[in-house]
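Visitor: I'd like to learn how to read a model like this one, feature by feature. Can you walk me through it?

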Amino acid sequence: MIRCLLTTPEGDVREGDLSLMDEWKRMPTAHLWVDMKGESEAQERDVLERFDCHPMAIQDAHKERHPPKIEEFDNHTLIIYRGISSFDAQLNFVPQQVCFFVGERFLVTLHPGEALSIERLFNEHGKALLAQSPEQVALRVMYTSAGFYIDSLLEFETELSDLEDELLENGNDVLMRKITTYRSRLVKMRRIFSYHKGITQELTAYDYAHLPRGESETLHAITDVEERFERLYTLTQMYYDICGDLVDGYISISSHQLNITMRVLTVITAIFVPLTFIAGIYGMNFEYMPELSYQYGYFFVWGAMLGIGGILIWLFKRKDWF
(Lines give C-alpha, C1' and ligand atoms only; values in the text may rest on other atoms or scores of the structure.)
Protein backbone atom coordinates (compact mmCIF):
# COMPACT_ATOMS: atom_id res chain seq x y z
CA MET A 1 0.00 0.00 0.00
CA ILE A 2 1.25 3.45 -0.97
CA ARG A 3 -0.28 6.55 0.54
CA CYS A 4 0.82 10.14 0.35
CA LEU A 5 0.33 13.26 2.44
CA LEU A 6 0.91 16.72 0.97
CA THR A 7 1.01 19.95 2.97
CA THR A 8 1.59 23.54 1.96
CA PRO A 9 2.64 26.62 3.99
CA GLU A 10 -0.84 28.02 3.36
CA GLY A 11 -2.32 25.19 5.43
CA ASP A 12 -3.65 23.02 2.61
CA VAL A 13 -3.53 19.28 3.36
CA ARG A 14 -4.17 16.57 0.81
CA GLU A 15 -4.12 12.79 1.08
CA GLY A 16 -3.84 10.50 -1.88
CA ASP A 17 -1.51 8.33 -3.93
CA LEU A 18 1.63 8.97 -5.97
CA SER A 19 -0.25 11.36 -8.21
CA LEU A 20 0.40 14.00 -5.52
CA MET A 21 4.08 13.82 -6.40
CA ASP A 22 3.57 15.76 -9.64
CA GLU A 23 1.72 18.47 -7.74
CA TRP A 24 4.48 18.53 -5.11
CA LYS A 25 7.12 19.14 -7.78
CA ARG A 26 5.18 22.15 -9.07
CA MET A 27 5.01 23.68 -5.58
CA PRO A 28 8.52 24.57 -4.33
CA THR A 29 7.33 25.19 -0.74
CA ALA A 30 5.19 22.06 -0.31
CA HIS A 31 6.16 19.04 1.79
CA LEU A 32 5.38 15.45 0.80
CA TRP A 33 5.26 12.27 2.89
CA VAL A 34 5.15 8.99 0.99
CA ASP A 35 4.49 5.92 3.14
CA MET A 36 4.96 2.48 1.56
CA LYS A 37 3.81 -0.60 3.46
CA GLY A 38 4.49 -4.11 2.17
CA GLU A 39 5.34 -2.98 -1.36
CA SER A 40 7.62 -5.00 -3.63
CA GLU A 41 11.28 -4.12 -3.82
CA ALA A 42 10.90 -3.07 -7.46
CA GLN A 43 8.04 -0.71 -6.64
CA GLU A 44 9.94 0.84 -3.73
CA ARG A 45 13.05 1.28 -5.85
CA ASP A 46 11.02 3.00 -8.58
CA VAL A 47 9.53 5.50 -6.12
CA LEU A 48 12.85 6.20 -4.43
CA GLU A 49 14.59 6.78 -7.74
CA ARG A 50 11.95 9.38 -8.58
CA PHE A 51 13.18 11.26 -5.51
CA ASP A 52 16.81 10.87 -6.71
CA CYS A 53 17.72 8.75 -3.69
CA HIS A 54 21.23 7.35 -3.74
CA PRO A 55 21.54 3.73 -5.02
CA MET A 56 23.61 2.73 -1.99
CA ALA A 57 20.91 4.05 0.33
CA ILE A 58 18.26 2.08 -1.56
CA GLN A 59 20.41 -1.04 -1.35
CA ASP A 60 20.84 -0.65 2.42
CA ALA A 61 17.11 -0.13 2.88
CA HIS A 62 16.36 -3.41 1.08
CA LYS A 63 18.76 -5.50 3.15
CA GLU A 64 16.98 -7.78 5.61
CA ARG A 65 17.80 -7.26 9.30
CA HIS A 66 20.15 -4.38 8.62
CA PRO A 67 21.46 -2.88 11.89
CA PRO A 68 19.94 0.53 12.71
CA LYS A 69 22.05 3.33 11.28
CA ILE A 70 22.05 6.90 10.00
CA GLU A 71 23.87 8.02 6.88
CA GLU A 72 23.84 11.30 4.99
CA PHE A 73 23.75 11.65 1.20
CA ASP A 74 23.60 14.64 -1.12
CA ASN A 75 19.87 15.27 -1.21
CA HIS A 76 18.61 13.12 1.66
CA THR A 77 19.53 11.37 4.92
CA LEU A 78 18.88 7.66 5.42
CA ILE A 79 17.76 6.41 8.84
CA ILE A 80 17.26 2.67 9.33
CA TYR A 81 15.20 2.15 12.45
CA ARG A 82 14.08 -1.04 14.22
CA GLY A 83 10.40 -0.54 14.96
CA ILE A 84 7.83 -2.95 16.39
CA SER A 85 4.74 -4.58 14.96
CA SER A 86 3.66 -6.12 18.28
CA PHE A 87 4.83 -6.02 21.90
CA ASP A 88 3.35 -7.20 25.23
CA ALA A 89 4.12 -7.19 28.95
CA GLN A 90 5.87 -10.60 28.72
CA LEU A 91 8.42 -9.07 26.35
CA ASN A 92 7.07 -10.98 23.37
CA PHE A 93 7.88 -8.55 20.59
CA VAL A 94 8.04 -8.74 16.82
CA PRO A 95 10.45 -6.14 15.40
CA GLN A 96 10.32 -4.79 11.90
CA GLN A 97 12.67 -2.57 9.97
CA VAL A 98 11.49 0.94 9.17
CA CYS A 99 13.52 3.09 6.77
CA PHE A 100 13.32 6.88 6.56
CA PHE A 101 14.52 8.86 3.55
CA VAL A 102 14.52 12.41 4.88
CA GLY A 103 14.92 15.18 2.32
CA GLU A 104 14.57 18.92 2.49
CA ARG A 105 10.96 18.79 1.27
CA PHE A 106 10.06 15.11 1.35
CA LEU A 107 9.92 12.07 3.60
CA VAL A 108 9.68 8.48 2.37
CA THR A 109 9.02 5.68 4.85
CA LEU A 110 9.36 1.97 4.04
CA HIS A 111 8.15 -0.89 6.25
CA PRO A 112 7.01 -4.44 5.45
CA GLY A 113 4.04 -4.55 7.82
CA GLU A 114 1.89 -2.30 9.95
CA ALA A 115 3.92 0.14 12.04
CA LEU A 116 1.96 1.35 15.06
CA SER A 117 3.78 4.65 15.37
CA ILE A 118 3.37 5.52 11.67
CA GLU A 119 -0.31 4.58 11.73
CA ARG A 120 -0.97 6.81 14.72
CA LEU A 121 0.99 9.74 13.31
CA PHE A 122 -0.42 9.52 9.81
CA ASN A 123 -3.97 9.67 11.16
CA GLU A 124 -3.44 12.26 13.92
CA HIS A 125 -0.63 14.81 14.18
CA GLY A 126 1.36 13.97 11.07
CA LYS A 127 -0.19 16.73 8.99
CA ALA A 128 0.82 19.53 11.35
CA LEU A 129 4.34 18.13 11.77
CA LEU A 130 4.81 17.66 8.02
CA ALA A 131 3.82 21.27 7.46
CA GLN A 132 6.75 22.25 9.69
CA SER A 133 9.38 19.97 8.15
CA PRO A 134 9.78 16.31 7.07
CA GLU A 135 12.40 15.62 9.76
CA GLN A 136 9.84 16.50 12.41
CA VAL A 137 7.69 13.61 11.20
CA ALA A 138 10.59 11.13 11.18
CA LEU A 139 11.69 12.11 14.67
CA ARG A 140 8.15 11.96 16.02
CA VAL A 141 7.67 8.47 14.56
CA MET A 142 10.74 7.27 16.46
CA TYR A 143 9.60 9.11 19.58
CA THR A 144 6.15 7.51 19.42
CA SER A 145 7.60 4.06 18.76
CA ALA A 146 9.87 4.43 21.79
CA GLY A 147 6.76 5.31 23.80
CA PHE A 148 5.19 1.94 22.91
CA TYR A 149 8.36 0.24 24.11
CA ILE A 150 8.31 2.15 27.38
CA ASP A 151 4.64 1.36 28.07
CA SER A 152 5.22 -2.38 27.65
CA LEU A 153 8.42 -2.32 29.69
CA LEU A 154 6.64 -0.60 32.57
CA GLU A 155 3.96 -3.30 32.43
CA PHE A 156 6.74 -5.89 32.52
CA GLU A 157 8.01 -4.28 35.74
CA THR A 158 4.79 -5.39 37.47
CA GLU A 159 5.21 -8.89 36.04
CA LEU A 160 8.80 -8.96 37.26
CA SER A 161 7.79 -7.84 40.76
CA ASP A 162 5.19 -10.61 41.02
CA LEU A 163 7.71 -13.11 39.74
CA GLU A 164 10.22 -12.01 42.37
CA ASP A 165 7.70 -12.54 45.19
CA GLU A 166 6.70 -15.93 43.81
CA LEU A 167 10.31 -17.03 43.49
CA LEU A 168 11.07 -16.13 47.11
CA GLU A 169 7.97 -17.89 48.40
CA ASN A 170 8.05 -21.02 46.26
CA GLY A 171 10.97 -21.08 43.84
CA ASN A 172 11.11 -23.89 41.31
CA ASP A 173 12.68 -24.77 37.99
CA VAL A 174 9.62 -23.55 36.04
CA LEU A 175 10.11 -20.03 37.38
CA MET A 176 13.82 -20.25 36.65
CA ARG A 177 13.15 -21.11 33.01
CA LYS A 178 10.75 -18.17 32.82
CA ILE A 179 13.34 -15.77 34.22
CA THR A 180 15.99 -17.12 31.85
CA THR A 181 13.63 -16.52 28.93
CA TYR A 182 13.09 -12.94 30.07
CA ARG A 183 16.84 -12.38 30.32
CA SER A 184 17.31 -13.61 26.76
CA ARG A 185 14.62 -11.25 25.46
CA LEU A 186 16.04 -8.33 27.43
CA VAL A 187 19.47 -8.90 25.87
CA LYS A 188 17.97 -8.68 22.38
CA MET A 189 16.05 -5.53 23.27
CA ARG A 190 19.09 -3.95 24.88
CA ARG A 191 21.05 -4.53 21.68
CA ILE A 192 18.35 -2.79 19.63
CA PHE A 193 18.18 0.16 22.02
CA SER A 194 21.95 0.42 21.99
CA TYR A 195 21.83 0.90 18.20
CA HIS A 196 19.07 3.49 18.52
CA LYS A 197 20.88 5.32 21.28
CA GLY A 198 23.88 5.51 18.97
CA ILE A 199 21.72 7.07 16.24
CA THR A 200 20.37 9.77 18.53
CA GLN A 201 23.86 10.47 19.88
CA GLU A 202 25.05 11.01 16.32
CA LEU A 203 22.13 13.35 15.67
CA THR A 204 23.07 15.30 18.78
CA ALA A 205 26.79 15.38 18.05
CA TYR A 206 26.78 16.07 14.30
CA ASP A 207 24.76 18.56 12.31
CA TYR A 208 23.09 16.64 9.48
CA ALA A 209 21.95 18.77 6.58
CA HIS A 210 18.42 17.36 6.56
CA LEU A 211 18.09 17.22 10.36
CA PRO A 212 19.65 20.57 11.30
CA ARG A 213 20.38 21.14 14.96
CA GLY A 214 20.37 24.87 14.30
CA GLU A 215 16.56 24.86 14.27
CA SER A 216 15.28 24.83 17.82
CA GLU A 217 12.28 22.63 17.05
CA THR A 218 14.44 19.99 15.40
CA LEU A 219 17.00 20.06 18.21
CA HIS A 220 14.22 19.75 20.78
CA ALA A 221 12.77 16.74 18.92
CA ILE A 222 16.20 15.09 18.71
CA THR A 223 16.73 15.61 22.43
CA ASP A 224 13.33 14.08 23.24
CA VAL A 225 14.10 10.99 21.16
CA GLU A 226 17.54 10.66 22.72
CA GLU A 227 16.11 10.85 26.23
CA ARG A 228 13.54 8.16 25.48
CA PHE A 229 16.08 5.72 24.08
CA GLU A 230 18.45 6.45 26.93
CA ARG A 231 15.62 5.57 29.31
CA LEU A 232 14.79 2.42 27.35
CA TYR A 233 18.39 1.27 27.43
CA THR A 234 18.61 1.98 31.17
CA LEU A 235 15.35 0.13 31.87
CA THR A 236 16.37 -2.97 29.92
CA GLN A 237 19.76 -2.99 31.66
CA MET A 238 18.10 -2.62 35.07
CA TYR A 239 15.57 -5.40 34.40
CA TYR A 240 18.35 -7.63 33.08
CA ASP A 241 20.33 -7.07 36.29
CA ILE A 242 17.23 -7.80 38.40
CA CYS A 243 16.65 -11.07 36.53
CA GLY A 244 20.31 -11.94 37.09
CA ASP A 245 19.94 -11.20 40.81
CA LEU A 246 16.86 -13.43 40.96
CA VAL A 247 18.76 -16.28 39.31
CA ASP A 248 21.68 -15.84 41.71
CA GLY A 249 19.29 -15.66 44.66
CA TYR A 250 17.50 -18.84 43.61
CA ILE A 251 20.82 -20.64 43.19
CA SER A 252 21.94 -19.41 46.63
CA ILE A 253 18.70 -20.60 48.26
CA SER A 254 18.96 -23.96 46.51
CA SER A 255 22.58 -24.31 47.59
CA HIS A 256 21.66 -23.43 51.17
CA GLN A 257 18.87 -26.02 51.22
CA LEU A 258 21.24 -28.58 49.75
CA ASN A 259 23.82 -27.75 52.43
CA ILE A 260 21.21 -28.28 55.15
CA THR A 261 20.26 -31.65 53.68
CA MET A 262 23.91 -32.68 53.39
CA ARG A 263 24.54 -31.61 56.98
CA VAL A 264 21.69 -33.79 58.26
CA LEU A 265 22.98 -36.73 56.25
CA THR A 266 26.47 -36.09 57.57
CA VAL A 267 25.18 -36.10 61.18
CA ILE A 268 23.37 -39.38 60.58
CA THR A 269 26.48 -40.88 59.01
CA ALA A 270 28.67 -39.64 61.87
CA ILE A 271 26.35 -41.29 64.41
CA PHE A 272 26.25 -44.65 62.70
CA VAL A 273 29.95 -44.91 61.79
CA PRO A 274 31.13 -45.92 65.32
CA LEU A 275 28.08 -48.15 65.73
CA THR A 276 28.84 -49.85 62.44
CA PHE A 277 32.45 -50.28 63.55
CA ILE A 278 31.41 -52.03 66.78
CA ALA A 279 28.92 -54.20 64.93
CA GLY A 280 31.60 -55.12 62.43
CA ILE A 281 34.08 -56.11 65.15
CA TYR A 282 31.65 -58.43 66.93
CA GLY A 283 30.27 -59.75 63.69
CA MET A 284 33.58 -61.49 62.83
CA ASN A 285 33.41 -65.29 62.95
CA PHE A 286 36.41 -66.00 65.19
CA GLU A 287 36.09 -68.88 67.65
CA TYR A 288 38.12 -67.39 70.50
CA MET A 289 36.75 -63.93 71.28
CA PRO A 290 36.92 -62.96 74.99
CA GLU A 291 33.52 -61.25 75.02
CA LEU A 292 31.70 -64.27 73.57
CA SER A 293 31.97 -66.19 76.83
CA TYR A 294 30.99 -63.23 78.95
CA GLN A 295 27.47 -63.65 80.29
CA TYR A 296 26.42 -60.04 79.80
CA GLY A 297 28.54 -59.32 76.69
CA TYR A 298 25.54 -58.87 74.41
CA PHE A 299 23.93 -56.31 76.75
CA PHE A 300 27.26 -54.57 77.29
CA VAL A 301 27.76 -54.03 73.56
CA TRP A 302 24.22 -52.72 73.19
CA GLY A 303 24.75 -50.34 76.06
CA ALA A 304 28.00 -49.08 74.58
CA MET A 305 26.39 -48.53 71.19
CA LEU A 306 23.38 -46.70 72.64
CA GLY A 307 25.63 -44.58 74.83
CA ILE A 308 27.87 -43.56 71.95
CA GLY A 309 24.86 -42.75 69.78
CA GLY A 310 23.21 -40.71 72.54
CA ILE A 311 26.40 -38.74 73.25
CA LEU A 312 26.83 -37.89 69.54
CA ILE A 313 23.20 -36.83 69.20
CA TRP A 314 23.53 -34.59 72.27
CA LEU A 315 26.78 -33.09 70.89
CA PHE A 316 25.35 -32.32 67.45
CA LYS A 317 22.16 -30.93 69.00
CA ARG A 318 24.21 -28.63 71.18
CA LYS A 319 26.03 -27.31 68.08
CA ASP A 320 22.64 -26.69 66.34
CA TRP A 321 23.52 -28.94 63.44
CA PHE A 322 19.99 -30.23 63.25
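Visitor: Let's start with charge: how many positive and negative side chains does the chain have, and how far apart do the centres of the two sets lie?

Guide: For the count, Lys and Arg are positive and Asp and Glu negative, while His and the chain ends are not counted. Each charge is placed at NZ of Lys, CZ of Arg, CG of Asp or CD of Glu. Here that gives 30 positive and 48 negative side chains, with the two centres 4 Å apart.

Visitor: And what am I looking at, in terms of provenance?

Guide: It's a predicted model, where local features need pLDDT of at least 70 and side-chain atom pairs count only at pLDDT 80 or more, while totals for chains, interfaces and linings use all residues. Residues are numbered from 1 along each chain as its sequence is written, and side-chain values use heavy atoms, with hydrogens and water left out.

Visitor: What does the secondary structure of the chain come to?

Guide: Helices (H or I, at least four residues) and strands (E, at least two) are DSSP runs, numbered from the N terminus. This chain has nine helices and seven strands.

Visitor: What radius of gyration does the chain have, next to that of a compact globule?

Guide: The radius is taken over C-alpha atoms, and the globule rule is 2.2 Å times the number of residues to the power 0.38. For 322 residues a compact globule would come out near 20 Å, but this chain has 36 Å.

Visitor: How much of the chain counts as buried?

Guide: Buried means under 20% relative accessible area, exposed over 50%, and partly exposed in between (1.4 Å probe, protein chains only). By that test, 42% of the 322 residues are buried. As for the accessible surface (Shrake-Rupley method, 1.4 Å probe; for residues, only the protein chains shown count as cover), the chain has about 17,500 Å², with 54% of that belonging to carbon and sulfur atoms.

Visitor: What about contacts in the chain: what share join residues at least 24 apart?

Guide: A contact means heavy atoms within 4.5 Å. Taking contacts between residues at least 6 apart in sequence, 65% join residues at least 24 apart.

Visitor: Which residues touch the most other members of the largest nonpolar core?

Guide: Such a core is a set of buried Ala, Val, Leu, Ile, Met, Phe, Trp, Tyr and Cys residues joined through side-chain atoms within 4.5 Å. The largest one has 53 residues, and W33 and F100 touch the most other members. Elements that each supply at least two residues include strand 5, strand 6 (93–102), helix 7 and helix 8 (216–281). Helix 6 gives the most, with 13 residues. As for F100, its contacts beyond four places in sequence include I79, Y81, V108, V141 and M142. Apart from this core lies another, of 25 residues, among them A30, C53, I58 and L110.

Visitor: Now for loops: where is F73 placed?

Guide: F73 sits in the loop between strand 4 (69–72) and strand 5 (77–87), and is buried at 12% relative accessible area. Beyond four places in sequence, the contacts of F73 are H54, M56, A57, L78 and H210. F73 and H210 are 137 residues apart in sequence, yet 9.5 Å apart in space, C-alpha to C-alpha.

Visitor: What is the phi of D52?

Guide: D52 has a positive phi of about 60°, although it is not a glycine. D52 lies in the loop between helix 2 (41–50) and helix 3 (55–61), and counts as exposed at 59% relative accessibility.
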